[in-house]
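Visitor: Could you walk me through a few parts of this protein, starting with the strands?

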Amino acid sequence: YGAPGVEFMGLHEENNTVMQIHFIPDQCQLVTLLDDNSLHLWSLKQHSGASELREEYRFTLKGPPGSSPSATQITAVLPHSSREVLYLGTESGNIFVVELPSFRVLEDRTITSEAVLQRVPEDYCNRRSCELVEALREHPKNPDQILIGYSRGLIVLWDLQNNKATHHFLGSQQLENLYWQRDGSKFVSCHYDGSYTQWPVSSDNRQPEPLENLVPYGQLAPSGLLCKADHRPRGGRSWEKFDDPSAMVVLAEEELVVIDLKTTGWPAVHPPYLASLHCSAITCSHHVSNIPLKLLSSSFQILVMELNDEDAEHVVDHAEADLLQDQEGYRWKGHEKLKTRDGPVRFEAGFQPFVLVQCQPPAVVTSLALHSEWKLVAFGTSHGFGLFDHQQKRLVFVKCTLHPSDQLALEGPLSRVKSLKKSLRQSFRRIRRSRVSSRKRRGGSGNASEVQEANAKFDQDALQEMELAPVQRKIEARSAEDSFTGFVRTLYFADTFLRDSSRHCPSLWAGTNGGTVYAFCLRVPPAERRMDEPVRAEQAKEIQLMHRAPVVGILVLDGRSTPLPEPLEVAHDLSKSPDMQGSHQLLVVSEEQFKVFTLPKVSSKLKLKLTALEGCRVRKVTVANFGSCKTDDYSENDLAVLTNLGDIQIISLPFLKLQIRYPCIRKEDVSGIASCVFTKYGQGFYLISPSEFERFSLSTKWLVEPRCVVD
């Protein structure tokens, strides 16, 4: 059917569901039917060395003036082998014929339900027998005959040349579909109750053969394969092409099942992917670049796990990190911590945990950072952050970031819901403060009636203003009393100049929901004394952003204004070593602006106010390396920024100039925006369903568009 990467995509201008797809025989064309009853003709045509799926024509079947919509509501489509016409079955029972590729209706060739009823026995001859055409099938040996199936069970073999019915078949169950046997001597009807019936086509026998294959709905006998609930069969193929089929393909709502018909018991064929396409929702994703080839025989610890190619049984060490540090006035109201298992635990080959760190209070871990060379793991929650030495299996330090008024962070996972009203009130106050200060700047407070009128209008418009399409506005400072200010959003390791400009040292940076950045100097012992001496940490800097917007990214630029590379990439010669001669710079990205500071003084150098200028907020940010598509000698590092509007902006480093903006994800697609993850080379992924990723590229060097050709 095709190798991986061989695909063609067509996007309808209409935002409607695709109900049916039909190929035009031998034409590299197909027809789609949407739920708005429109038909679309697509062609595969070569352009610039690749085939493209292009929409050629569109058409909507219309009835006479005053007719009901059901008269022309298309329910079945048959592309004729002549490649000249389409037969369109409708809810009214009429079958219209349209010319290809113009979609011109050939009214003189319409097959009306009245004409069909003339050859049906009187006991079946009522208007409802011919309501809703369920299936249309061309005779495999005679293109002048088509099989018409109506939903109530009536099946008619129609002669296109003489415009009359030659055979009729009376089914007793609601019809779902029809399939011809290859030689045209029989056909099979599929019914709503799960049964199917074989019908011989002859001049003297129009009764069904014995129901030798009657099975309950949703089950395929005798294999015992049962498709329950959301796995009900939606379609299948086997009889249509072969007299002695070897396999049957069943499309269920959430998976594709292939059944081996040659093996006793009809077992399912194992699919090449690890799990069903829709069996489980993706909840978290992370992209890893430049994986060393020696990885599988050495990714090395990840967090608190190590890679082992053999089964193992060992005790998982346990450590506890008290983020509240026994501070008075704080009391956790959420669930208790999970209990650890005593004694050794057996693990299968693969990633095996060797140490467990439990945070107290046992709140959700909101951020993680790993430094493979220093053997350190940093973690953050809504209460603070800490550093763990996973080589010595020892806690280095913890830092509480709670504000004295932030009691909601101590109420457990449901506290976000409880804080909704408080958040709205705070938003109202910020808008009110903005308007009051704006009036003061204009030079007058107005009389009492004007103030009352303004307040009344505020009450009506405040909520609407927050939900309107973003416009340019002033960034308003947030109060330190806002909820979850201590929520740790990002953690970052860097070897940089933090104390003075002559000596660089390892450091850990943390950014919070309240716009605070903490910097800690680290002393990591050399390799020969790594297990003998402890890692030490000391707080060196604390930065408070004036507008107090959440910090979503922290980055250090070296002397060449290049982001510090990953230490593992440098160790494997996948990245250049950083420039430690020139002065370093610190980039802090909040939801509302970008700001560059000099190091080690941490003085403001330049900034870009994204929200004030663009009216949007940062949701995801990463450094991306954009290579030239023409030469391997040139590349540049820029920021790839995803906003709450679903667009992606490329911003230059270190000058923070907007390079280009791409619309990527619909702003209404909240889950898609939240799930987006960038790669280091200008590509990205986001969820288009709970279990499907869409892939995109921002780089001309790394195109993800399939370049395929159909001869």
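Visitor: Which residues point each way from S29, and are they buried or exposed?
Guide: Gly384, Gly386 and Phe388 point one way from S29, while Phe385, Leu387 and Asp389 point the other way, and all of them are buried, where buried means under 20% relative accessible area, exposed over 50% and partly exposed in between, with a 1.4 Å probe and protein chains only. In a regular strand the side chains alternate between the two faces of the sheet.

Visitor: What sort of model is this, and how are things counted?
Guide: This is a predicted model, in which local features need pLDDT of at least 70 and side-chain atom pairs count only at pLDDT 80 or more, while totals for chains, interfaces and linings use all residues. Residues are numbered from 1 along each chain as its sequence is written, and side-chain values use heavy atoms, with hydrogens and water left out.

Visitor: How many residues of strand S29 are buried?
Guide: Six of the six residues in strand S29, which spans residues 384-389, are buried; strands here are DSSP runs (E, at least two residues), numbered from the N terminus.

Visitor: Which strands does S29 pair with, then?
Guide: Strand S28 (residues 376-380) pairs with S29 in the antiparallel sense over five bridges, and six bridges join S29 to strand S30 (residues 394-400), again antiparallel; two strands count as paired if DSSP finds at least two bridges between them. Phe379 has Gly386 in S29 as its bridge partner, whereas the bridge partner of Phe388 in S30 is Leu395.

Visitor: What joins these strands?
Guide: A hairpin with three residues joins S28 to S29, and the hairpin of S29 and S30 has four residues between the strands, with Lys393 taking a positive phi near 55°.

Visitor: Switching topic, what is the strand order in the open sheet of four strands?
Guide: That open sheet has the order S35-S36-S37-S38, with antiparallel pairing. Strand S35 (551-557) and strand S38 (603-609) are the edge strands, each pairing on one side only. Within the sheet, strand S36 (residues 585-590) and strand S37 (residues 593-598) pair over five bridges, and Thr598 in S37 is the bridge partner of Gln585.

Visitor: And how many disulfides are there?
Guide: The structure holds zero disulfides, a disulfide being a pair of cysteine sulfur atoms within 2.5 Å. Cys505 is in no disulfide, and the nearest cysteine sulfur, that of Cys521, is 3.8 Å away.

Visitor: Is Cys505 buried or exposed?
Guide: Cys505 is buried, with a relative accessible area of 16%, and Cys190 is buried too, at 17%.
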